[in-house]
Amino acid sequence: MKAALDWAELEGVLRSSADVLEGQGQISGLQWAHVHRKSWLTSSTYLANDGWSQFVDLSATDHFVEGESAKAAGRFVVQLIVGKGAARVALRVSLRLAELTLPSVAALWAGAAWFERELFDMYGVRFSSHPDLRRILLYPEFVGHPLRKDYEKARRQPLLRVGPLSQLKDGPK
Amino acid sequence: MELEVHTTRLDALVSWARQHSLDQYPFLSACCGVEFMATVGHGSSRFGFALPKAAPRQSDLLVVVGTITERQAPALRRVYEQMGDPKWVIAFGACACSGGLYQNYAVLPGADQVIPVDVYVPGCPPRPEQFLAALKQLRLQIENQARGRPPAVPSLSANTQTLVRIRPSKSTKPNKAGAKGGGK
């Protein structure tokens with residue numbers, strides 16, 4: 001079992017599904033590979049089968065530019081970090097607002113399920129074939145995704161408002 | 001042996017009893033909770049305050065300690081409504097007073113958005129002595145209430161109206177696309 005990512009092997013896997021590695025590198029000892037969203041599941045499956053069994057993190061960033069169209073490439077970057085022993089490897093993918101969907105990797109790493117729910121909650125990334133894609137931190141009444149850069153700063157969505165007692169839902173019992 | 005007789009008004013006597021037998025229910029939600037626990041060691045029982053206990057229905061004083069999120073607000077309101085009258089509220093810490101550092105989508109800008117607050121204790125976190133001072137301040141307010149005087153520090157929020165929890169509208173169901181199995 002290798003303790004580092006074999007670039008050539010990953011490229012071979014991607015080439016077999018008619019795709020290429022969009023970028024690769026290393027930062028502070030962390031190897032990272034940037035793939036196209038179509039090969040997100042292919043490359044994740046490759047990592048899981050290559051012994052990267054420890055799920056570490058799944059996160060996203062929003063590189064919003066004012067006036068950018070929904071089809072502009074690479075507004076969101078989703079990053080998956082998995083580990084083998086002390087080694088870590090990051091798999092990244094760029095997403096545009098118009099197609100903010102990814103296949104779920106919860107079947108490969110069970111721990112990813114809640115992180116995918118968080119990305120759905122905060123950024124609105126939809127994970128297909130996720131077992132239970134609901135908001136995880138915010139309430140179902142919440143509208144929008146607050147960690148997107150175009151979410152209005154400090155926009156509150158209170159759950160309580162003044163109203164008649166007959167509408168009391170979670171009142172005293 | 002000489003018999004001593006004191007005369008007083010009934011409401012003054014009741015007020016005196018209330019001031020010296022306040023049962024506290026601490027609503028601990030964040031790091032201030034740990035700081036609040038330290039105040040117990042500073043001897044609030046010396047001033048006639050019972051030790052905090054986790055029983056809102058049997059308490060007179062609700063101490064809101066720590067950050068209250070929008071999602072928690074209905075729970076806080078419910079705890080307040082479960083307490084029997086008369087009842088008082090202390091907001092402990094910057095977050096409970098005003099939301100503190102967090103002016104964003106998730107955090108309630110002060111517990112007084114959903115319940116009336118009698119005494120505010122600022123600080124991030126407050127010193128235990130500040131909490132003792134707040135208890136003395138509250139005692140003064142209870143006395144003033146009984147004597148028909150205005151409170152020394154008027155409550156900033158007198159929101160005693162009925163607050164209801166909004167229901168999810170059909171358009172905001174989060175689970176339309178994406179999940180194939182599971183979910184509601």
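Predicted model: local features only at pLDDT ≥ 70, side-chain atom pairs only at ≥ 80, totals over all residues.
Residues are numbered from 1 along each chain as its sequence is written, and chains are lettered from A and ligands numbered from 1 in the order in which they are written.

**Stop 1: chain A as a whole**

Select chain A. It has 3 helices and 8 strands. Helices (H or I, at least four residues) and strands (E, at least two) are DSSP runs, numbered from the N terminus. From that end on, the elements run α-β-β-α-β-β-β-β-α-β-β. Buried residues make up 30% of the 173 residues in chain A. A residue is buried if 20 or more other C-beta atoms lie within 10 Å of its own, exposed if 12 or fewer, and partly exposed in between; C-beta atoms are placed from the backbone.

**Stop 2: the sheet of chain A**

Colour the strands β1 to β5 of chain A. These 5 strands form an open sheet in the order β1-β2-β5-β4-β3, with mixed pairing. Two strands pair if DSSP finds at least two bridges between them. At the edges are β1 (23-27) and β3 (54-62) of chain A, each of which pairs on one side only. From one strand to the next, the twist averages 20°.

Start at β1(A). β1(A) pairs with β2(A) in the antiparallel sense over 5 bridges. Select A:G25 and you will find A:W32 of β2(A) opposite. The two strands form a hairpin with 2 residues between them, and A:S28 in the turn has a positive phi of about 50°.

Move on to β2 (residues 30-35) of chain A, which pairs with β5 (residues 87-95) of chain A in the parallel sense over 5 bridges. Here A:A33 stands opposite A:L91 in β5(A).

Stay on A:L91 and look at β4. A:L91 is also the bridge partner of A:L80. Strand β4 (residues 76-84) of chain A pairs with β5(A) in the antiparallel sense over 9 bridges. β4(A) and β5(A) form a hairpin with 2 residues between them; in the turn, A:G85 has a positive phi of about 60°.

From A:L80, step to A:L58, its bridge partner. That takes you to β3(A), which is joined to β4(A) by 8 bridges and runs antiparallel to it.

As you look along any strand, keep one rule in mind. In a regular strand the side chains alternate between the two faces of the sheet.

**Stop 3: helices on the sheet**

Select helix α2 (residues 40-49) of chain A. This helix packs on the sheet and touches β2, β4 and β5 of chain A; its direction makes about 175° with that of β5(A). Axes are lines fitted to C-alpha atoms, for helices over the stretch in contact, and angles run from 0 to 180 degrees between N-to-C directions.

Next select helix α3 (residues 112-123) of chain A. It lies across β3 and β4 of chain A, running at about 10° to β3(A).

**Stop 4**

Now select chain B, which has 5 helices and 5 strands. Buried residues make up 39% of its 184 residues.

Show the largest nonpolar core, which has 40 residues; those with the most contacts inside it are B:V64, B:I90, B:A91, B:F92 and B:A111. A nonpolar core is a set of buried Ala, Val, Leu, Ile, Met, Phe, Trp, Tyr and Cys residues joined through C-beta atoms within 7 Å. Among the elements of chain B that each supply at least two residues of this core are β2 (61-65), β3 (88-92) and α5 (128-146). A second, separate core of 36 residues includes A:V35, A:W52, A:F120 and A:Y123.

Centre the view on B:I90. Not counting residues up to four places away in sequence, B:I90 touches B:L61, B:V63, B:D118, B:V119, B:V121, B:A134 and B:L138. Two residues are in contact if their C-beta atoms, placed from the backbone, lie within 7 Å.

**Stop 4: B:L132**

Finish in helix α5 of chain B, at B:L132. Is B:L132 buried or partly exposed? B:L132 is partly exposed, because 17 other C-beta atoms lie within 10 Å. B:L132 touches B:H42, B:S44 and B:F47, not counting residues up to four places away in sequence. B:V114 is 18 residues from B:L132 in sequence and 25 Å from it in space, C-alpha to C-alpha.
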